[in-house]
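Hi everyone, thanks for coming. Have a look at the picture on the screen, and then I'll walk you through a few parts of it.

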Amino acid sequence: MKQLKKWMLGATTAACAMYAAGSAQAVEIEYWQYFFEPRVKAMETLIENFEKANPDITVKMTHFPYADYRTKVAAAIPAGQGPDVVQLFYGWLNDYVNAQLIQPLPNDVFPPAEIEAEFFPMVQAMKRGDQYMALPTAVRSLALFYNKRLFDKAGIDGPPKTLDELVETAKKLTQKDGAGNLSTVGITTGMNAQDHHWFREVLIRQFGGDPYMDNYKKVNYNTDAGKAALKYYSDLEFTHKVTAAGFMDEPQAAFKAGRAGMHIDGSFRIGALNKVRGLKWGVAELPAAADGTHSNYSSYWVNGITSKATDEKYDAAVKFMKYVTSDEAMQVWLNTVGELPAKPSAAMTEANANHEVYGPFIKGLGYAKTTIFANESGQRQALMDMVGRMRLQDQSVDGSLAQAAGEEQKILDDYYN
Amino acid sequence: MGIYKRLSISQKQIVWAWGLLAIPIVFYVVVRFYPTANAILLSFQEWNLLGSRNWTGFDNYVKLFSDPTFWKVFGNTFLYLILGTPSSLLLAFVIAFHLDKLRFMHGTIRALYFLPFMTSAVAMAWVWRWFYQPVPIGVFNNTLATFGIPQIPFLNSTTFALPSILAPAIWAGLGFQVIIFMAGLRAIPQTYYEAARIDGISAWETLTEITIPLLKPTIVFLVVFSSIGFLRIFDQVFNMTTNDPGGPLNSTKPLVLMIYDTAFNSFDMGYAAAQTVVLFTVLLVVSLLQLRVMRDK
């Protein structure tokens, strides 16, 4: 008994000593992102590599379902409870910076000139004053997905290169049943999916316009270019009848089910499509305008250091940030998630740029624009209603476009004033 | 302890009563009254969940009452109530009235009516959403198309969308209402019916003079209960219109969905709180009015 007591005392002392020694050296930082299986897997790999290189730092990852993510982050960080390094959608950054919940990245480790030379230009939206607030590991852009089986069946030899070809191709792919109802659409439609980006940053620019002015604070698409873009977009559904809103519930579902010839979507869809058995699909660059103008929309998630990280946790967080924005981390992210590296040096490697799936997306990054949203879902709703009014209330292109521009401007004014 | 010992038995009983009552009171204060008061306070402030809360006076209410979307949504909310409550009550009463007289497989049929009430509203909303799809996946439209009848744009129309969403909501609540009605019917003493039969009263008069008046407490309960339910409708609308929340063109958006959207998509917490205060007031007024109108004279 006495011996047991002694042994226990010894063990406890040893454990305490080890714990004390451990806590003196090891720093644990917390990392948050939303749950999407490939993203979580990629981050696990990155954390493992990082911890191997930095044995005194451990990174604890926490993830939430996407639906709760924004609210949870917004509730936790102001309360000082949340992560040290957090993943945020680029459009949310403003609110966090204004509330001083994100710390700027130190200029000695992340020199702005270097970032501007190395990263794709759209990342400059993350700069406040002369410092960067956050940086992405990966970026995403849009491309045209097409169903190879349907193309073969219709005798079409390749994806459309121009907007006019897109209409002709879609007509050939469209199928109707005996009652005249669409059974296969030429191209999917729906401003609720990625089409509002296609309209904003691609179509309007291709018809000669510039969708916004004053750093995205002023709507500028109620113009001839905007009208031409909306006419082109809405004609697909109302004049050429090669598509229908709500067909198969949502655009990506129609494409997955092999009921849509073409579908415009982001690079984040690649993983989901790879899992669909029996679907033979390809990817092409978004069609060019008649004069050859290309455009694309790019969005990204950034990592930033929260105000919670201080002292040694801050230093550890900076090291971690440096690693997750390295070329190596970007390649891991591309291979696991399918999202494109945020630096041309990592993206434009021979293998990536000529990759049959990633290639078109990476080419798109070269000329992509990033919309700065004040309220993405509200601004999207304005465009959804724009097409909805034309569909359900027979409103004219001009009238509906003017109303949508007014509604979106009101959202921007409310936010910035 | 000394003080407690000196108390009389009745005083001790009072101490115990308050001690036990304190648990639910504290619970209610913390999870109900405090958040309610805080929401009312928040409705006079501006807050994006991240920064500080700033006083804005009546700005949120001024904005709300001059917002055409709010009036559209306000109208929708009452449309759910006006269409939903009478039709669900009538349906439930007819079913309960006949089911009460039925002996064959009574328990099984009653269970079948109750089953939807036990099902998750979310799962049900999604199944109905798929029922309503256009050709080639919607079961209703596929059936219509087989007979060469033009499709009905259930959820893609400003006219049909609201009733289409209301239908599964009514169906889901039916089981509960049927059970309550049957309990009410069983509680009416058989002697009244025997007397009526001896006096040779017609079936219609028995219904209007005996059954319905004696069911009044049941009806009052169900009217208030289902009215609150329809005024707060959310699950069905949210899940059946995720592609265009409350759409098309806001034709199905109820107040609760607008609140959700303002709070968790626009992160305009003060404005959302103002909407919540309006909903709270509406619920209170409607419930008090109904209780007053339907009170026994």
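Let's start with a crossing: α8(A) and α9(A) cross in a right-handed way, meaning the near helix is turned clockwise from the far one by less than a right angle. Helices here are DSSP runs (H or I, at least four residues), numbered from the N terminus.

Quick background: this is a predicted model, where local features need pLDDT of at least 70, side-chain atom pairs count only at pLDDT 80 or more, and totals for chains, interfaces and linings use all residues. Residues are numbered from 1 along each chain as its sequence is written, and chains are lettered from A and ligands numbered from 1 in the order in which they are written.

Back to our pair. Which residues of α8(A) meet α9(A)? They're Phe199(A), Leu203(A) and Ile204(A), and among their partners are Tyr232(A) and Tyr233(A). In contact means C-beta atoms, placed from the backbone, within 7 Å.

Now, the two chains together: 28 residues of chain A are in contact with 23 of chain B. On chain A's side, α17(A) gives the largest share, 7 residues. That side divides into 12 nonpolar, 10 polar and 6 charged residues.

Last stop, chain B: residues 14-34 are 100% helix and 0% strand, with the end C-alpha atoms 26 Å apart. A strand is a DSSP run of E, at least two residues. Over residues 111-131 of chain B, it's 90% helix and 0% strand.

Key:
Nonpolar A, V, L, I, M, F, W, Y, C, P; charged D, E, K, R; others polar.
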